[in-house]
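I opened the notebook to look at how two chains sit against each other. The entries are in the order in which I looked things up.

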Amino acid sequence: MANGTIAAVPQTAEVNFYNVRTKHKGILSWLLTIDHKRIGIMYLFAVVFFFLVAMTIGVFMRLEMLTPGETFMKPQTYNSLFTLHGVIMIFLFIIPAVPAVFGNFFLPIQLGAQDVQFPKLNLLSWYLYVIGAVLALTSLFSGGGIMDTGWTFYVPYSIRTTTNVSLSVFAAFVLGFATILTGLNFITTIHRLRCPGMTWFRMPLFAWALYATSWIQVLATPVIGITLILIILERAFGIGIFDPALGGDPLLYQHMFWIYSHPAVYIMILPAMGVVSEIIPTFSKKTIFGYVPIAISSLAIALVGYLVWGHHMFSSGISDTSRVIFSLLTFFVALPSGIKIFNWVATLYKGSIEVTAPMLYVLLFIFIFSIGGLTGLVLGALNTDLHLTDTYFVVAHFHYVMFGGMGIIFFAALHYWFPKMFGKMYNEKVAKTAAVWIGIGFNMLYFPMFIMGYLGMPRRYYDYLPEFQKYHVFATVGSWVLVSGIIIMYINLAIALKRGKKAPDNPWGGTTLEWKTSSPPIMENFKEIPTVTTGPYDHSITESQEVKK
Amino acid sequence: MRPNIVDQVDQTFWLIMGISIILLALITVVMIYFVYKYNRKRHPVAENIEGNTTLEIVWTIIPVILVLIMFFVSWAGFKNMRDVPKDAMVVSVTGQMWKWTFEYDNKKKSDTLFLPANTNVKFDIKSIDVNHSFYLPAFRTKEDAIPGRVNHYWIRTNEPEVYYAACAEYCGLNHSYMYAPVIVIPEKKFIEWKNYTPPDTTKSVTPVKTDSLKTDTLKTGAVNSLNKDTLKTGSVKTDTIKPNSVKQDTLKSK
């Protein structure tokens, strides 16, 4: 950690939050901190760790898929690995990544506040996250072996299998509380702690995105909590909520699971969209095109996103009427995302565009996320979905949306805010090279899966028919390209952390409030509470300042 | 004559894909053009444009129209899929870990799905343990097998051909081996087969000619990789999993 790498500085108001004298010393100054920036940094390291773990698992899965039949692991191992890959990626990486890391660090600063509304609750959220993670890791080495249910924990299989399901879903239950409390904190912060002049429609779009996300976190996460507890009770006592022999229904589980997990898809993607709305204006040197439509579309996505869970269940035997309604609503939830993409592209029009590493990631995102979104249409359509659901087409679709959306934007945010968070600059050339590798590898890895899915290759298959091998080989090679890109990216950032050049306060010419404080920010974020008089992306002011330089 | 389900699914797929590809091309080309044209070197001073209400309305209305077209086309296809013809022959499909059992109206059971050519067939899909999904890629449809309920769909068979059914809902250890051969034979032969009771009722051994198998999975629906033995026994590649690698104890006995 960057803590202590800078020589001791006299204790003044200028001292950044890493070096400020706190009540506790050393590691305790981190573990007992209630500073939103330190908590954000702690989340960052945890989240990157789990990303790398799940990525490694993914690489092993792809390696197993290289040849039909056994390549180097048994089916039980493979089934556990895809479960772990999904659970870790979703609960320990995708959901917390952008809100808990960048939201924690930058939301208060962007609002001109000194911290979140409930700093101690914020630390508690981090501890719940860590406890959840430790429980999840413990479940790997205890009980009846590594869980093999898939990340969806569908009953009755999750009730019948002897693997360690109970502890794993309990871990997810605990992680849920971290999410709920973070959401609660952000909502209150946005309502209560905006600095003077920061009206709702002068908030940065990242704050809007977090606002929409937080409401989903608070309202939807309790549903998965209850559902997961019911699995544990069902396994321990056979209470029969999901067992038809006892008057229960396995479909009830699927409803409950997706009532949370579909909105959760927007917990994953909305914050990323917020980051995009920050990065594009900065590197186009102009205000965002269509501020209000973008802000409102976040809320629209959050709202309509609640009403489309049934499209995960089109083949499960729910009534034909409900399928038609869910399909129609699903088509409508695609619209706000489309509107955002059009507005982002329009922002580029007549801008003064500089393609830096974060911007390159964002351009990559627009391309990849568009593919992900558009391939969602055939899955929302009723008759084509019955062919494509539960095949590799779905696997490709959600990797384009989740990894291509959230994952790529996590990388973009990391590069965009790295100078601010650590006060160091990274090697721009290497960062861009990594982005290109990631772009090529990503498409090589996931695009063949669309074709396989259309040709009828079901997902979660340990073995496959030989005619699919050429696509699997291509995808596996793609996974190597992708991973090498990711490794180059992280090594570049690690080197920057150690011996990067000192970052200026505003390396990109950004206009939001985080660029108006030092890099890294001081403990209280600002020397004096700022007053806002314009919208968030008013570049006319910054430009005149730059002319003076 | 009702429209063919397979054609309808493919047409819907390519209609939506066609529109999607055009949209993707537009977005990508315009984006790259802007990044090139308004690059800081060529265009050092940005023009501040806050938005354009007309454009916002245009790019809201056009997608609304497009998705409504997609919705209605797919709904029409779906209605056809769900509206089972009255003359359809009913086959009961039971999924269990990890095989399919097919039962005909005369109580004949088989683990290979024999079907008469050019016939409407309705499947009643059940499960006796965990969730499965009865997927016929060649017929572009699937429906889950869920304990405690009976799901259904129907297909129309074509000329004699060999296909496969796969399990598409994850069901544990041997999920990826839960195939069943689907063999369409002339109606006369089918009736003969249905009414024939082999001496050992647990096995239905019916040799099938395999030289007619084609390689293109989707066009013909046939699979070249199911070998002769497979078709005879009805169990696909059971030999790839050695008996000792199958952990019986992974599942609690009920």
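The entries below take chain A by itself and then its interface with chain B.

Entry 1. I noted at the start that this is a predicted model.

Entry 2. I looked up the secondary structure of chain A and found 16 helices and zero strands.

Entry 3. I checked the overall form of chain A. Its C-alpha trace spans about 70 × 50 × 45 Å along the principal axes. Of the contacts in chain A between residues at least 6 apart in sequence, 81% join residues at least 24 apart.

Entry 4. I turned to the interface. Here 90 residues of chain B are in contact with 96 residues of chain A. The two chains bury about 8,300 Å² between them, and carbon and sulfur atoms give 64% of this area. On the chain B side, B:Arg40, B:Trp59 and B:Tyr170 supply 9% of the area buried against chain A, more than any other three residues.

Entry 5. I asked how many salt bridges the rule finds across the interface of chain B and chain A. There are five. I looked up the one between the side chains of B:Arg149 and A:Asp249, at 3.9 Å from N to O. The rule also finds 31 residue pairs in polar contact across the interface.

Entry 6. I listed elements of chain B that each supply at least two residues to the side touching chain A; among them are α2 (53-82) and β9 (161-167). α1(B) gives the most, with 17 residues. The residues on this side of chain B divide into 47 nonpolar, 25 polar and 18 charged.

Notes: Residues numbered from 1 in each chain as written. Chains lettered and ligands numbered in written order. Predicted model: local features only at pLDDT ≥ 70, side-chain atom pairs only at ≥ 80, totals over all residues. Heavy atoms only, no water. Contact = heavy atoms within 4.5 Å. Buried area = accessible area lost by both parts, 1.4 Å probe. Salt bridge = Lys/Arg side-chain N within 4 Å of Asp/Glu carboxyl O. Polar contact = N/O pair within 3.5 Å; in protein donor to acceptor, adjacent residues only side chain to side chain. Helix = DSSP H or I, 4+ residues; strand = E, 2+ residues; numbered from the N terminus. Nonpolar A, V, L, I, M, F, W, Y, C, P; charged D, E, K, R; others polar.
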